Amino acid sequence: MKTEERTYFIRTFGCQMNEHDSERLAGMLEAEGYMPASGAEDATVVLFNTCCIRENADTRLYGNLGHVKSIKDRQPGKKIVVAGCLAQKDRSLIQEKAPYVDVVLGTHNLSSLPRLLREADEAPSFEILEQTETFPSALPTKRNSPWHAWVSISIGCNNSCTFCIVPAVRGREESRRMGDIVHEVESLVSDGVVEVTLLGQNVNSYGRDLDGTPMFSKLLYALNDVAGLKRVRFTSPHPKDFRADSVRAMAECEVVCEHIHLPVQSGSDRLLKRMKRAYTQERYLEKVRMVRRAIPEVAITTDIIVGFPGETEADFEQTLAVVAEVRFDGAYTFQYSPRPMTAAAGMADHLPKEVVQERYDRLLELQEEIGVERNARHLGATEELLVEGSSRKDPERLTGRTRTNKLVHFPNDGSAEGTFRSVKITATRPHYLEGEVTVQGAATAAPRSRLSLPLMAAASSGCSTCS
Ligand code: SF4
């Protein structure tokens, strides 16, 4: 590391919201003249953007900090920054445990990074606020992709799911003005972006704090009118707030992809109540039926927690029943672990590890079977792919995603990242598809195309960021 250079390296933990924040942190550093470094060894500023959702997040952070400290001992000018959710939760504890950390900032004051770094030239600086100072989207950004962008539509959450720490570290829900979002997307498109993912802890309640009623469907219609925008995704809707107007907007807006991540968490009404999810199994299934009626080819993915405190075998079987009925295209499955500052952590009846593991294995087995079946539906279909680049395992192949968010590998025909290809699906695997390009030549920015699925044995009918 040359001492006169100002360089940075950011390590991001956690969800897409943190990825989005890291792009802003990088943008601010570059606006201050810092250049990206390839690793902690080469950087004058090493920043950890932290998450506190996962178990042992703090153990992992302090392990990483210890490693960077050993580099800093050899390179005294190096600055170490801890930002994000764990910083918001642990506050001064970070500097007590790791006094060599130069800057600590929370989730509400990303914009303070340049000032705090300057202050840290004199002494370690620490700032945690209780309310958002500047909406992160208003800050400079350094995007990781030229063709895809995360667009934050709201921050914070007004729900109180008993397993979740997000409201404690991200605060109350705050929506961005629709005009600001549309303007940001227009300028992203003029920079070459073709796909945006709208981010919010609960996207379907977007706008309630602005005008008293949710405006998510209006936002989708407004984005549908942005010339040059090809795909819109969003994460995550809360099932209780996912309503007919949003489904109609999904069905009617050409740019909105046929995929929804609808976290169910449990199939048991008793547990859903303990989790404070504000819906029942039947209400959840109604939402699934509603979206499948409007968009028959929609892919549905979910989050499921196994072994929530007090979960009985009968409760778990209700979860299996929902999985069997909905036939999810994919599921993020979690073994419950208590998180500090959550109501569930204080519940009495935590389950033995072996019980949770046994249930988890059964759930995984069922979902694997269903995943295979759901992917098999695509065999022989022609799909519009957005090319994401070379396959990580095989540079002879490219990787792209369908509108339904399926990963497809296909022979490398020289297609550039961010272009569209029409691909025929030739093989299906449990977690991805394989295909062949059907139209050679110039990249296409294809309009919305419903899947052309061959006739097949009927599949049964039917919250990261987090919901
Ligand atoms: S799980 Fe999602 S909806 Fe529930 S409290 Fe956490 S952020 Fe809010």
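A residue counts as buried if 20 or more other C-beta atoms lie within 10 Å of its own, with C-beta atoms placed from the backbone. What you're looking at is a predicted model, where local features need pLDDT of at least 70, side-chain atom pairs count only at pLDDT 80 or more, and totals for chains, interfaces and linings use all residues. Residue numbers start from 1 along each chain as its sequence is written.

## The whole protein

Buried residues make up 46% of the 467 residues. The protein has 14 helices and 19 strands (DSSP runs numbered from the N terminus: H or I of at least four residues for helices, E of at least two for strands).

Let's zoom in on helix α10, residues 244-252, where S246, V247, A249 and M250 are buried. These four sit on the same side of α10, because they cover an arc of only 160° around the axis (the arc of the directions from the helix axis to the C-beta atoms). The buried residues of α10 pack against α9 (216-224) and α12 (281-294).

## The cores

A nonpolar core is a set of buried Ala, Val, Leu, Ile, Met, Phe, Trp, Tyr and Cys residues joined through C-beta atoms within 7 Å. The largest one here has 103 residues, and L25, V45, L47, V151 and V232 have the most contacts inside it. Both domain 1 (7-127) and domain 2 (137-376) give residues to this core, so it lies between them; the domain bounds come from an automatic or database assignment.

Apart from it lies another core, of 10 residues, including L398 and V423.

Notes. Buried ≥ 20, exposed ≤ 12 C-beta atoms within 10 Å, placed from the backbone. Contact = placed C-beta atoms within 7 Å.
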